[in-house]
Amino acid sequence: MNKTILKVTVAVLALTLTGCGAQSQDQASSSSSTSVKTEKKQEQKQDKKQSAKSSSQKDPQKETSSQTSGNMASSQSPSNSNSRPVPNNESRLSRLNADLNRTLGHVVLPQNDGLGQGSSQLNIRFTGDSNNYTVYYSVGNKARPLNDPAIRNEAPYATLSKKTYGSFAAAKAAVDYRSGDGDQGLPTVDLGHDITGTIDSGAGNRYLHWNEGQWSLVVHAAAVNGEDPQPLAKQVVELLENSYLPAPNSVATGEFEVNGNNKLTWQDGETVYSLEGKSVQTIIAMTASTS
């Protein structure tokens, strides 16, 4: 009986130990499998981190190349207007006018030098102040500063003057205006462009006169020298078709000489301006450009 119990006990114990061993092996196997999976996950995470880190770090050579390319593109791209050279289209007359305005204040001056294409050797000197001044225009052997003493030795080709009077009436009286009322009965001349002039002859002189707007225009010729005023008068009429003289407040005159200086005079309130010169084309072009 005791032997039977002992055998049964041994058998049960053996079965128990066998089950425990199997369970222990299963747990060990499970633990080993879990450990391997965890390590693989950790390795995968590390690989991903390493890959991310590697991708986030740029290749120094590529970065340098990119920066160099960017810099080159920047240097080759159009820059702003401050870095571009600005062509200097300002004429010599414009610069001298700016000097005059700084000295006299804003005054009436020609914006055309009357020299056709202009001159890089244009020189200007002046006398007076903003109320009364005379400006002398000349061409020298080289360009000189405004009012350079050497300009006095240059013969002016044109002269602009301004004179201020005490009243409008006094300024008007200073302009030698001639209406056409006294020309009735005098011989007439067709000057073109529907303009008719009259010729007054006497004492060895001829005066061909006509009016355009508020301008009274006259050409003087010395009859004793065989001079004829008609060609010059027709030239003036033709020039005035393309040039607009200042509109005076009241009166203005143009006095032309077949052989001598020519002069344009106009009133502006209490002020009288005159521009005088040898060339008819020059003084008309300069006067028409005054501002």
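Guide: Welcome! A residue counts as buried when its relative accessible area is under 20%, as exposed when it is over 50%, and as partly exposed in between. Keep in mind that this is a predicted model.

Visitor: Is Trp215 buried or exposed?
Guide: The cut-off for buried is under 20% relative accessible area. Trp215 has a relative accessibility of 6%, so Trp215 counts as buried.

Visitor: How many aromatic pairs does the count come to?
Guide: Let's go through them. Trp215 and Trp266 form an aromatic pair with 6.5 Å centre to centre. Trp266 also pairs with Tyr273, with ring centres 5.7 Å apart. The count of aromatic pairs comes to two.

Visitor: Are the planes of Trp215 and Trp266 stacked, edge-to-face or tilted?
Guide: A pair of aromatic rings is described by the distance of the centres and the angle of the planes. Planes under 30 degrees apart count as stacked, over 60 as edge-to-face, and the rest as tilted. The planes of Trp215 and Trp266 are 40 degrees apart, which makes this pair tilted.

Visitor: How many residues apart are Trp215 and Trp266 in the chain?
Guide: Trp215 belongs to strand β7 (residues 215-222), while Trp266 belongs to strand β9 (residues 262-268). The pair links distant parts of the chain, and the separation is 51 residues.

Visitor: What kind of pair do the rings of Trp266 and Tyr273 form?
Guide: Trp266 is buried, with a relative accessible area of 4%, and Tyr273 is buried as well. The planes of the Trp266 and Tyr273 rings are at 25 degrees, so the pair is stacked.

Visitor: Which residues form one aromatic cluster?
Guide: Follow the pairs. Trp215 pairs with Trp266, and Trp266 pairs with Tyr273. The one cluster is formed by Trp215, Trp266 and Tyr273.

Visitor: Which residue lies over the face of Tyr136?
Guide: Here we look for a charge over a ring, with CZ of Arg or NZ of Lys within 6 Å of the ring centre. At 4.1 Å from the ring centre of Tyr136, we find Arg125.

Visitor: Which element gives the largest share of the lining of the largest pocket?
Guide: The largest pocket has a volume of about 200 Å³, and 13 residues line it, with Asp176, Tyr207, Val218, Gly254 and Glu255 nearest its centre. The elements that give two or more residues to this lining are β6 (205-212), β7 and β8 (252-257). The largest share is five residues, and it comes from β8.

Visitor: How many charged residues are in the lining of the largest pocket?
Guide: Asp, Glu, Lys and Arg count as charged. The lining of the largest pocket has three nonpolar residues and six polar ones, and its number of charged residues is four.

Visitor: Which element gives the most to the lining of the second largest pocket?
Guide: The second largest pocket holds about 160 Å³ of space. Its lining has 15 residues, and among those nearest the centre are Ala174 and Lys263. Elements giving two or more residues to this lining are β2 (133-139), β3 (158-164), β8, β9 and β10 (271-277). With three residues, the one that gives the most is β3.

Visitor: How far apart are the closest N and O atoms of Asp99 and Arg102?
Guide: Asp99 and Arg102 both lie in helix α3 (residues 92-104), three residues apart, about one turn of the helix. Asp99 is partly exposed at 25%, and Arg102 is exposed at 63%. They form a salt bridge, and the closest N and O atoms are apart by 2.3 Å.

Visitor: Which residue forms a salt bridge with Arg144?
Guide: Arg144 lies in the loop between β2 and β3, and its partner lies in that loop too, so the pair ties together parts that are 10 residues apart in sequence. The closest N and O atoms are 3.8 Å apart, and the partner is Glu154.

Visitor: Is Arg178 buried, partly exposed or exposed?
Guide: Arg178 forms a salt bridge with Asp183, with 2.9 Å between the closest N and O atoms. Asp183 counts as buried at 8% relative accessibility. Arg178 has a relative accessible area of 26%, so Arg178 is partly exposed.

Technical notes: Residues numbered from 1 in each chain as written. Predicted model: local features only at pLDDT ≥ 70, side-chain atom pairs only at ≥ 80, totals over all residues. Heavy atoms only, no water. Phe/Tyr/Trp six-rings, centres within 6.5 Å; stacked < 30°, edge-to-face > 60°. Helix = DSSP H or I, 4+ residues; strand = E, 2+ residues; numbered from the N terminus. Buried < 20%, exposed > 50% of the residue type's maximum accessible area, 1.4 Å probe, protein only. Lys NZ or Arg CZ within 6 Å of the ring centre and 35° of its normal. 1 Å grid on protein atoms, 1.4 Å probe; cavity = no way out; pocket = protein on both sides within 12 Å on 5 of 7 lines; lining within 4 Å. Points joined across faces, edges and corners; volume = space filled by probe spheres on them. Salt bridge = Lys/Arg side-chain N within 4 Å of Asp/Glu carboxyl O.
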